[in-house]
Amino acid sequence: MGERDPVIELDAVSKSFGSVRALSDVSLGLAGGEVHGLAGENGAGKSTLIKLLAGVHQPDSGTVRLGGEPVVFHGPADARDAGVAVIYQEPTLFPDLTVAENIFMGRQPRTGPRRIDRSAIRTATAALFARLDVAMSPDEPARGLSIADQQIVEIAKALSFDAKVLIMDEPTAALTGSEVARLFGVVRALAEQGAAVLFVSHRLAEFFQICQRVTTLRDGRWIATEPLTGRTEDDLVQRMVGRSLDELYPKQDTEPGAVALAVRRLTREGVFTDVSFDVRHGEIVGLAGLVGAGRSEVARAVFGVDRWDAGSVEVMGRALSPGSPTAAMSAGLALVPEDRRAQGLVMDMSIDRNIALPGLRAPGRGGGNKSLSRFGLISRTAERSRATDWAIRLRLKFGRLADAVDTLSGGNQQKVVLAKWLATAPRVLIVDEPTRGIDVGTKAEVHRLLSRLAAEGMAVLMISSDLPEILGMADRVLVMHEGHLVAEIARADATEQSVMAAATGRVPA
Amino acid sequence: MSTTVSTVDTPTRGSKSARRVVDTLLRLRELSIIGVLVVLLVVTELGNPRFLSTQGIKDLLLNATILVLVAVGQAVVVITRNVDLSVGSVLGIAAFATGDYLHSGGNAVVAVLLGVGVGLGFGVLNGLLVSLGKVPALVVTLGTLYVIRGIDSMWVGSREITASNLPAGFISFGHNSIGGIGPIPYLVLLAVAAMVIVGDFLRSYRGGREVYALGSNPTAARLAGVPVRRRIIAAYVLCGALAGLAGALYLARFGNVDSGTGSGYELTVVSAVVVGGVAFTGGSGSVYGAALGAVLLTSINSMLPSLGVSSVWELAIDGFLLLIAIAVDRVVALRVATVLRRRSARRG
């Protein structure tokens, strides 16, 4: 396998965004009939590589070759017309249109004078769904589909045109075990028919199930392209992180204290149901699960961003009223959200102002934290001294504190978000995907910081899709599956297998 | 991996019912406008029996025509998640251009085409500014609203075009009915034709579906290879051209144009579109709904005098309808979201 001429290849491509070098000098060839794995940590450059193949971005240097001939994809339509189908990590559907229209957008079968043939679209969609063995109606609106169903529509879309190259960016992240098996069946069939498949996944075991070769990226660089026979998951991890896991996850052992956060039978209809757990002072509790399992939604509800329909939340014995982030903050709770650009930072405001933002209101009850404002006026001096303090503690790399947050790298932005919430002196810290998309070095720093905070008595709830991170950092692992808390696993028993089994619903609640 | 088209009966997982709920809620808008319209007509007719005479119906339709034309164009722009506030100014300047040309002895057909051309030109300008400038359409077209009005004022000055110095054929085209005396004027036919052509294009042609797609999710549209910029420009060109046509027809209907013609018209148009169920968030609604919204608003304005209500109430009632429409949209959206969320949860 893989000795044949590649259908599509990248030859020494590089791509930068601003000052961030996302890919440097990476080469990769996809052969017809082969399922090629692409491994790498978050931020290793996988998504950028995919977008180069898909025509979304153009390489700064290097060439894309299709059947040996250099090509330039000016846009996604060019790549699609050349037979490249891409299934993105985040489904890209039109919520107002039907499923059938979503699949055939821009390529609708037409009758006589260029009119769209609606019934042909419908029957073709029904045929695709039959082939994928899913029970979905072509006339259903895309709005409100679960992530798994949206993913199915994306796959049907890719199937719907005669694609020579199929690129899948973490297609299994939101699928259940049986859905994954079915998908693999389809992917194998496509490869047998001669399609070249690029398969991206964070579940390393899946590479061994479906791929013949795997290419590993680290920090935007090509590390290896090798056949999988005779390799182990540990070999892949070694290539991906370039060091052993012990170095990366420096969790200090602590003696958990009293219960700091108690969540009881929390329910938000249609999102999560009957979720109960405790987080004690001094411990880091990991919250694992697949994308769409409801983890971030639970965190948002606990912090009061979303309302809940039933249940209760107590912080150090004090019940919180639903739907009030102000109440949560004054009870000593802090939430570092998943999407730092949209929810965590004011991107064009300066670093110091961002850090000081939550401290502008009344002081946190939990800590000995003074308010930055007197009689409604903000003290610039107090604002700056607090920011400086935290910038130093977190080893923030910056030009000046007055620079806009925009100018920082992803990892440093994440530190600013952390600083912002730590500055409110919380007793309970909820972090949602704290190291997504940041480099390995900063990642380790964030881990050391979380570990030190726990050692100082803070209760930490850490949501993460990064399994090694959960396994390395958490004292206990809670696992959610489709809106239910299905397992609680002690550190000693937590393995990639046990957590994944619960996350994919293979362990009864 | 080509697709073989065959008739497959796919089982559904209670999704048909969800689809039905959504469908019904959407159609509810058009049906309820028609309902409100019928009730108002009946009430008015009871209070003033001459209201629905042949002449009365004709007036009602004529009054709606110009707003319907502009609302159809505006609806397409709003479906792309944009807005065109300059339509009132475009209508005014196109009307004057048409009249000025007729004054100098021009041909009536060429005059109407001139009006359309003027509108089209400003449509291109708006489209380019919005799609290239990456500035919100609200701000850009607010700018062009004033710019075009300024050009209009400088050009027109204190001049005025009146029916007396327009060709008689042009004026009678603005008033006469098909077959001479029926209740359906030529202008109405034009508006209906424009509505049906645009509506059919949006429904049954790739370019039309792409307009919905890019309003529904711009990022996904780009990834699906939809020529986003070109479609947005086309929407503005259509909107401008229809506003230009409406300007020419305005002249034929009222025979009177000065530098203030069409001032404030954009607000009525936007109200009609929103009342007609075209969501400001893009990607949903139809030109038929927008046209119905336009008919409803103009009918109310015609009914008030017939019922002896002061026309002072006109604006307040328009605004009130707009608020109701927005409230209904919000409630419906929440209902749909809940239904779909429950369904999704059951299925999971």
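A:V263 stands opposite A:V313 in strand β16 (residues 310-315) of chain A, where strands are DSSP runs of E with at least two residues and helices DSSP runs of H or I with at least four residues, both numbered from the N terminus. The model is predicted, so that local features need pLDDT of at least 70 and side-chain atom pairs count only at pLDDT 80 or more, while totals for chains, interfaces and linings use all residues. Residues are numbered from 1 along each chain as its sequence is written, and chains are lettered from A and ligands numbered from 1 in the order in which they are written.

β16(A) runs antiparallel to β13(A), to which 5 bridges join it; two strands are taken to pair if DSSP finds at least two bridges between them. β13 (residues 259-268) also pairs with β14 (residues 272-280) of chain A, in the antiparallel sense and over 6 bridges. The bridge partner of A:R268 in β14(A) is A:F272. The hairpin of β13(A) and β14(A) has 3 residues between the strands, and in this hairpin A:G270 takes a positive phi near 80°.

An open sheet of mixed pairing is formed in chain A by 6 strands, in the order β18-β21-β22-β15-β23-β24. β18 (333-336) and β24 (484-490) stand at the edges with a single partner strand each, so one side of each is left without a neighbour in the sheet. From one strand to the next the twist averages 20°. β18(A) pairs with β21 (residues 428-432) of chain A in the parallel sense over 4 bridges, and A:V336 has A:V431 as its bridge partner in β21(A).

Helix α10 (residues 295-303) of chain A lies across β15, β18, β21, β22 and β23 of chain A, at about 145° to β21(A). Helix α18 (residues 496-503) of chain A packs on the sheet and touches β15, β23 and β24, its direction making about 30° with that of β23(A). Axes are lines fitted to C-alpha atoms, for helices over the stretch in contact, and angles run from 0 to 180 degrees between N-to-C directions; residues are in contact if their C-beta atoms, placed from the backbone, lie within 7 Å.

In chain B, helices α2 (residues 54-79) and α7 (residues 186-204) pack at an angle of about 20°, with their axes 9 Å apart. That angle makes α2(B) roughly parallel to α7(B) (angles under 35 degrees). Among the contact residues are B:L61, B:T65 and B:V72 of α2(B) and B:A191 and B:M195 of α7(B).

Conventions. Parallel < 35°, antiparallel > 145°, perpendicular 65-115°, else oblique. Contact = placed C-beta atoms within 7 Å.
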